[in-house]
Amino acid sequence: MTMILGIPLMVLFGQLMLGLINGAFYALLSLGLAVIFGLLRIINFAHGAQYMLGAFAALLGAQYLGLNYWAALIVVPLVVGALGIVVERFLLRRIQHLDHLYGLLLTFGLALILEGTLVNLFGVSGSSYPIPEALSGGFKLSFMFLPTYRAWVLVAALVVCFGVWFLIERTRLGAYLRAGTENPELVQAFGINVPLMVSLTYGLGVALAAFAGVLAAPLYPVSPTMGSSLLIVVFAVVVIGGMGSILGAILTGLAMGLIEGLTKVFYPEAANTVIFVVMVMVLMLRPAGLFGKEA
Amino acid sequence: MAVLQQDHQAARAGSASRRITPLGVLYLVLFLLGLLAPWVAYPVFLMKILCFALFASAFNLLLGFVGLLSFGHAAFLATGAYITGFLLAEYPGLSPALGIVAGTLGAVVLGTLFGALAIRRQGIYFAMITLALAQMMFFFFIQAPFTHGEDGLHGVPRGELFGVFDLADNHTLYYVVFAIFVAAFALIRRVVHSPFGQVLKAIRENEPRAISLGYHTDAYKLVAFVLSAGLAGLAGATKTLVFQLASLGDASWHMSGEVILMTLLGGVGTLLGPLVGSGLVIGLQHQLAQSALGDWVSVILGAIFVVCVLSFRSGIIGECQRWIARRQQREEK
């Protein structure tokens with residue numbers, strides 16, 4: 001078997017693939033956070049819970065409503081995103097004029113409620129969601145075995161990420177959004193409904209989290225706590241990338257997944273902490289983050 | 001001249017009334033209550049409240065008086081708890097006082113490192129960085145050999161303080177914990193009312209202005225952060241002595257959230273707020289644990305969080321202060 005630095009090539013590529021998949025989730029989640037932060041200036045602490053809600057909605061939809069995977073990919077983000085709009089309309093809007101820290105605290109409370117409720121209803125152990133038949137099996141490449149579902153996750157996540165990037169950076173709606181982050185009053189004066197735009201933006205961010213949840217359901221155990229631990233890693237990713245750019249969120253997410261995968265091969269003990277270590281280094285060299293602008 | 005005289009009179013009136021301010025009476029009453037409490041209520045429960053009141057006060061020093069929301073204070077609580085627990089368990093003859101000092105110093109060192117990193121960013125980023133750093137410590141505590149991973153350190157001996165006081169007795173230990181708490185609270189009060197504390201408040205209100213006045217705000221923020229971390233470590237070290245246990249729960253981010261809730265509920269930026277908040281949260285957890293709603297503790301805490309943020313952000317003590325201020329205004333009219 002081919003070896004690189006004393007590591008079998010198959011193992012190396014396998015871990016890199018796993019890292020890239022994790023990175024795809026980091027990218028989707030930090031992208032959602034960035035979109036919400038852009039217009040609402042709120043760090044959505046409930047993001048992990050909304051991701052978990054997406055996975056649970058897919059699981060329960062399949063169990064009770066016969067919702068198949070492909071339908072879930074579309075329906076679940078819409079439903080959870082709509083819930084997000086309700087949250088924005090009735091809770092977040094009331095504290096909009098306050099220090100942004102209150103938004104963090106409010107969504108933290110929401111995360112506690114969501115997570116606690118689901119723990120009581122379903123326990124912490126987690127259940128599994130079957131891989132859809134069309135995506136089972138895998139490709140036998142010359143250097144590694146690539147399960148089809150993982151390849152699909154990577155492709156789907158990248159397509160959605162770049163779709164959102166295109167929406168925000170290259171369309172008229174996106175231009176309004178970016179203008180709204182710069183100067184809401186002025187944009188409002190041009191006759192654009194900024195409050196509606198804020199609601200829809202939050203909904204979009206939450207829907208992205210739910211979409212990631214559906215993608216994750218067949219890969220990881222679906223449990224109420226699946227979101228909270230992931231979220232803190234995503235926060236570190238956000239600090240590393242800087243909240244300035246959409247593209248920054250995507251690229252940093254993928255890169256951090258890869259770094260984590262490599263660490264798992266060469267020094268497994270540090271795999272859990274390597275992203276935080278990178279965060280510390282970035283903070284020392286570039287406090288605004290890799291893609292961030294100095295505030 | 002007239003103005004000066006007026007000032008002088010006001011100052012004299014102030015110093016005269018300082019001896020018998022309602023607040024002074026309140027502190028005295030609270031102190032006496034604290035002395036008598038263990039003869040009425042279960043001392044371990046009271047000690048738990050005191051430890052968390054200290055933890056919340058330390059946290060509030062940072063959020064309430066410098067305006068920095070640390071989401072990683074559990075790391076300091078756990079560092080104090082683990083160091084003290086490890087030393088007392090491994091060296092049974094060691095004085096508990098030395099154990100507590102070591103735990104506090106450990107938190108100070110960690111606070112210096114984390115503080116130096118975290119104060120490079122402000123607001124939401126500061127919160128996220130402290131959270132991420134604390135999570136790093138969480139993974140460290142899981143993997144480090146001396147913490148016994150998921151099990152934590154059990155059966156930490158309480159020992160004898162100064163070779164005289166046997167801390168195995170709950171009442172004796174209560175007075176030690178009470179003394180630690182009163183000393184720490186007095187320190188926090190002293191800091192808040194000192195010129196240093198005034199600069200901290202200036203930074204909270206308008207950091208660019210404080211910078212333009214010539215203050216090295218980063219240095220002030222760092223000192224406040226280290227102080228807060230050290231006191232949080234002291235709370236953790238004391239907690240280890242009370243429960244004879246140091247576990248991962250102290251290091252988890254839920255703990256960081258809980259201390260925020262205690263402070264917010266009691267009143268951010270008030271000295272008594274964290275005390276009231278921690279008493280309420282610990283009392284509530286205690287009551288709920290015995291009732292049928294035991295499993296819903298975190299949901300209920302989350303709901304309190306949401307209600308606090310939405311409708312009474314100044315917290316219980318803050319609302320009381322506003323009520324008193326309004327009444328005084330009306331009387332003056």
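Me: Where does A:Arg41 lie in chain A?
Reply: A:Arg41 sits in the loop between helix H1 (9-40) and helix H2 (47-65) of chain A. Helices here are DSSP runs of H or I with at least four residues, strands are runs of E with at least two, and both are numbered from the N terminus. This is a predicted model, in which local features need pLDDT of at least 70 and side-chain atom pairs count only at pLDDT 80 or more, while totals for chains, interfaces and linings use all residues. Residues are numbered from 1 along each chain as its sequence is written, chains are lettered from A and ligands numbered from 1 in the order in which they are written, and side-chain values use heavy atoms, with hydrogens and water left out.

Me: Why is A:Arg41 called partly exposed?
Reply: Buried means under 20% relative accessible area, exposed means over 50%, and partly exposed is in between (1.4 Å probe, protein chains only). A:Arg41 has a relative accessible area of 35%, so A:Arg41 is partly exposed.

Me: What makes the phi of A:Arg41 worth a remark?
Reply: Phi of A:Arg41 is near 55 degrees, a positive value in a residue other than glycine. Most residues other than glycine have a negative phi. In chain B, B:Gln244 also has a positive phi, of about 55 degrees, and is not a glycine. B:Gln244 is placed in the loop between H10 and helix H11 (253-266) of chain B. Its relative accessible area is 30%, so B:Gln244 is partly exposed.

Me: How do you know which residues are in contact with A:Asn44?
Reply: Contact means heavy atoms within 4.5 Å. Leaving aside neighbours within four places in sequence, the contacts of A:Asn44 include A:Leu33, A:Ile36, A:Thr107 and A:Tyr202.

Me: What makes the pairing of A:Asn44 and A:Tyr202 a polar contact?
Reply: A polar contact is a pair of N or O atoms within 3.5 Å; within protein, one must be able to donate a hydrogen and the other to accept it, and residues adjacent in sequence count only if both atoms are side-chain atoms. The side chains of A:Asn44 and A:Tyr202 are joined by such a contact of 2.9 Å.

Me: What makes B:Gly159 partly exposed?
Reply: B:Gly159 has 29% relative accessibility, so B:Gly159 counts as partly exposed. B:Gly159 is found in the loop between helix H6 (123-143) and strand S1 (160-161) of chain B. B:Gly159 and B:Gly93 are 66 residues apart in sequence, and their C-alpha atoms are 7.6 Å apart.

Me: How do you know that the radius of gyration of chain B agrees with a compact globule?
Reply: The radius is taken over C-alpha atoms, and the globule rule is 2.2 Å times the number of residues to the power 0.38. For 333 residues a compact globule would come near 20 Å, and chain B has 21 Å, which agrees. Buried residues make up 50% of the 333 residues in chain B.
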